[in-house]
Structure formats: C-alpha cells, structure tokens
Amino acid sequence: MLDFRVYTFLAVCEYMNYTRAAEALHITQPAVSQHIRYLENMYQVKLFLAEGKRIHLSPAGERLLHAAITLKNDEVFLRKQMLEGGGRGLSLRFGTTRTIGESVISAPLARYIHSHPEDRISVVINNTDELLHKLVSGEIQFALVEGYYDDVDFDSMVFRTEPFIPVCAAGHVFARKPVWLRDLLEEHLLIREPGSGTRDILEKNLDIKNIRLSDFAHITEIGSMHVILQLLEKDAGITFLYRTAVEEGIKEGVFRELELRDFQMEHDFAFIWNKGSIYADTYRMICRELQ
C-alpha cells in the first residue's frame with residue numbers, strides 16, 4: 001500500500017496549491033505541509049519550488065510524481081484483481097480512441113473474449129487527450145491510441161502502422177483536380193474535435209507544409225468518426241483519416257482516396273500504459289493477443 005503522505009503529494013501536484021489539496025483530502029493545511037516535509041526529509045530533496053505565491057514541481061518532484069502515479073495505478077489494478085478476481089481471470093479496463101474503437105478493435109477483441117471467457121472486460125472509447133488523463137488517474141490500465149503521447153510518461157508497444165489519407169465522396173467534383181495539398185484549401189474540411197489524435201496528427205503534418213486549419217475556406221468540427229463518414233458519403237466535405245476507417249467504403253465505391261504528390265504518411269496505432277508499471281508484462285501479453 002502507498003504511504004498516505006504520497007497521496008497528499010499527489011493531491012498537491014494536482015492542484016498546485018496546499019489549501020486546495022487540504023480541502024480535497026479533508027485535512028488541514030498544516031497537515032499537508034507536514035506530509036510534504038516528511039517526504040522531502042526522507043528523500044533529502046525539495047519537491048516543490050516557490051515563485052511568488054505559486055509553486056511548481058522541482059526536477060526531483062517530477063521524478064517522484066511519475067513514480068507515484070505508476071505505483072498508485074498498480075495498486076488500483078491489484079485491488080481490483082483482489083476484490084473481483086476470486087482467483088479466476090483478470091478484471092481489465094482499457095481505452096481506445098474513437099477511430100480505433102469504431103473501425104479496428106471489434107475483431108481482435110472478439111478473438112480475445114473467445115480465448116479468455118473468464119476475464120471481465122470494460123472498454124472506454126474517447127479521444128487521445130481524455131485517455132491519457134484516464135491512464136494517469138488510474139481509471140484505465142492501458143490504452144490503444146493513434147495520437148501523440150509522451151514516452152517519458154508511458155511505455156508503449158506498436159499495434160500496427162496505418163496509412164493516413166485524404167478522402168472525399170466518390171462523386172465529389174473539384175473545381176480543378178487536386179495535385180498538391182494546397183489545392184484542397186478551398187474545400188469544406190470535416191475534422192474531429194480538439195484533443196482527438198486524428199486531428200492532432202493532421203495539424204502536425206499540415207504544419208510541416210506551413211498550412212494551418214484556418215487556411216481552409218470552410219471547417220466543420222465533429223466529435224464522432226461515424227458522423228464524419230456519414231457527411232462524407234453525402235458529399236458535405238472532404239476529410240483526412242486512417243485508411244482502415246474508409247477501406248470498405250473505398251472498395252464499394254462510396255469514397256475516393258485523393259492522391260497528392262506532397263502528402264503520403266503513415267502513423268502507428270500503439271498500446272500505451274504508465275511507465276514502470278509492475279504489470280507491464282501482463283499488458284504486453286494482452287496486447288500481443290489483441291494483435
């Protein structure tokens with residue numbers, strides 16, 4: 001079990017304020033200060049540095065935070081196995097991004113369920129930012145994402161590498177045939193919401209070409225890949241997404257991939273979990289089976 005003073009440290013890291021941490025923990029502010037001093041004396045380091053009335057983590061505090069988050073989440077996982085496992089199977093709660101959840105995960109998850117009927121599985125589908133937050137908070141044990149993440153905080157394993165492509169309705173008519181990325185700027189762009197891995201990847205690759213989303217003549221933000229595909233089918237705009245999300249539609253002649261001379265890219269779908277977890281081998285085993 002984690003020392004209760006580590007939970008105090010985590011609360012101060014969350015709020016960066018001793019008073020708010022005390023309120024959240026239902027203890028006094030002097031008690032919070034005492035707990036932090038105990039940890040600083042034990043490790044012989046300063047965990048927080050003050051700038052005026054504000055505090056921020058020291059380099060040593062950053063190291064302790066990463067370790068404490070992983071230890072806390074491992075304890076949550078252990079407790080869940082102890083309470084729900086009863087010696088049979090695993091109790092798993094993991095996340096996938098919406099693209100993966102809607103177009104990729106069902107077949108590998110079905111295989112896993114058939115192979116491990118004793119496991120209790122819960123799948124959370126959300127955007128990359130929300131999944132990273134849930135990993136840090138211990139709400140999920142691992143995630144399958146297509147967005148960017150910090151490898152300082154997370155260990156990872158590649159699930160597969162997927163082409164990321166521009167797409168339109170099969171019958172979409174352009175004023176002139178697009179050859180370069182900039183030829184699409186007069187089009188109506190359908191795009192996922194901020195925090196989505198799909199959007200983040202597009203923005204970073206546009207930035208390489210010195211193009212911003214605001215350079216497009218029209219933009220519609222949508223928080224559902226399913227709705228984007230419906231709008232795409234109705235020729236309401238163009239979009240950029242993973243080929244796996246539109247592969248069937250392309251084969252059936254509903255969608256058309258746009259071949260641009262200056263836009264060819266691939267990106268990894270990756271399993272990630274908190275760095276340093278004692279359950280890393282378990283997560284790798286599960287991930288390999290899902291592959």
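Guide: Ala, Val, Leu, Ile, Met, Phe, Trp, Tyr, Cys and Pro count here as nonpolar, Asp, Glu, Lys and Arg as charged, and the others, Gly among them, as polar. The model is predicted.

With those classes in hand, start with the second largest cavity. Its lining has seven nonpolar, two polar and two charged residues. The residues concerned are L190, I191, R192, T198, R199, L202, M225, I228, T239, F240 and L241. At least two of the lining residues come from each of β7 (188–191), α8 (197–208), α9 (225–233) and β9 (239–242). The space in this second largest cavity is about 50 Å³.

The structure has two cavities of 30 Å³ or more, and the largest cavity has a volume of about 70 Å³. Lining the largest cavity are T70, N73, D74, V76, G138, I140, Q141, W273, N274, S277 and Y283. By class, this lining of the largest cavity holds four nonpolar, six polar and one charged residue. Helix α4 (59–85) and strand β11 (265–274) each contribute at least two residues to it. The largest share is that of α4, with four residues.

The protein is split into domain 1 (2–79), domain 2 (85–155 + 267–288) and domain 3 (159–266). Because domain 1 and domain 2 both give residues to the lining of the largest cavity, the cavity lies between them. The centres of these two domains, taken over C-alpha atoms, are 27 Å apart. Nine residues from domain 1 and 16 residues from domain 2 make up their contact.

The largest pocket also involves these two domains. Domain 1 and domain 2 both supply lining residues to the largest pocket, so the pocket lies between them. About 350 Å³ of space is found in the largest pocket, and its lining consists of Y7, L10, A11, C13, E14, L65, I69, K72, H133, V136 and S137. Two or more of these residues come from each of α1, α4 and α7 (128–137). Helix α1 gives the most, five residues. The classes in the pocket lining are seven nonpolar, two polar and two charged.

Helix α1 (residues 4–15) packs with helix α3 (residues 29–43) at an angle of about 110°, and their axes are 9 Å apart. Angles of 65 to 115 degrees count as roughly perpendicular, and α1 and α3 are therefore roughly perpendicular to each other. On the α1 side the contact uses F4, R5, V6, T8, F9 and V12, which meet V32, H35, I36, Y38 and L39 in α3. Eight nonpolar, two polar and one charged residues form this contact of α1 with α3.

Helix α3 also packs with α2 (residues 18–25). The axes of α2 and α3 come within 8 Å and cross at roughly 105°, which makes α2 roughly perpendicular to α3. In this contact, Y18, T19, A21 and A22 in α2 meet Q29, V32, S33 and I36 in α3. By class, the contact of α2 with α3 has five nonpolar, three polar and no charged residues.

Definitions and conventions: Residues are numbered from 1 along each chain as its sequence is written. This is a predicted model: local features need pLDDT of at least 70, side-chain atom pairs count only at pLDDT 80 or more; totals for chains, interfaces and linings use all residues. Side-chain values use heavy atoms; hydrogens and water are left out. On a 1 Å grid over the protein atoms alone, a cavity is a set of points where a 1.4 Å probe fits but cannot get out, and a pocket is an open set with protein on both sides within 12 Å along at least five of seven lines; lining residues have an atom within 4 Å of a point. Grid points are joined across faces, edges and corners, and a volume is the space filled by probe spheres set on the points. Domain bounds come from an automatic or database domain assignment. Axes are lines fitted to C-alpha atoms, for helices over the stretch in contact, and angles run from 0 to 180 degrees between N-to-C directions. Angles under 35 degrees count as roughly parallel, over 145 as roughly antiparallel, 65 to 115 as roughly perpendicular and the rest as oblique. Contact means heavy atoms within 4.5 Å.
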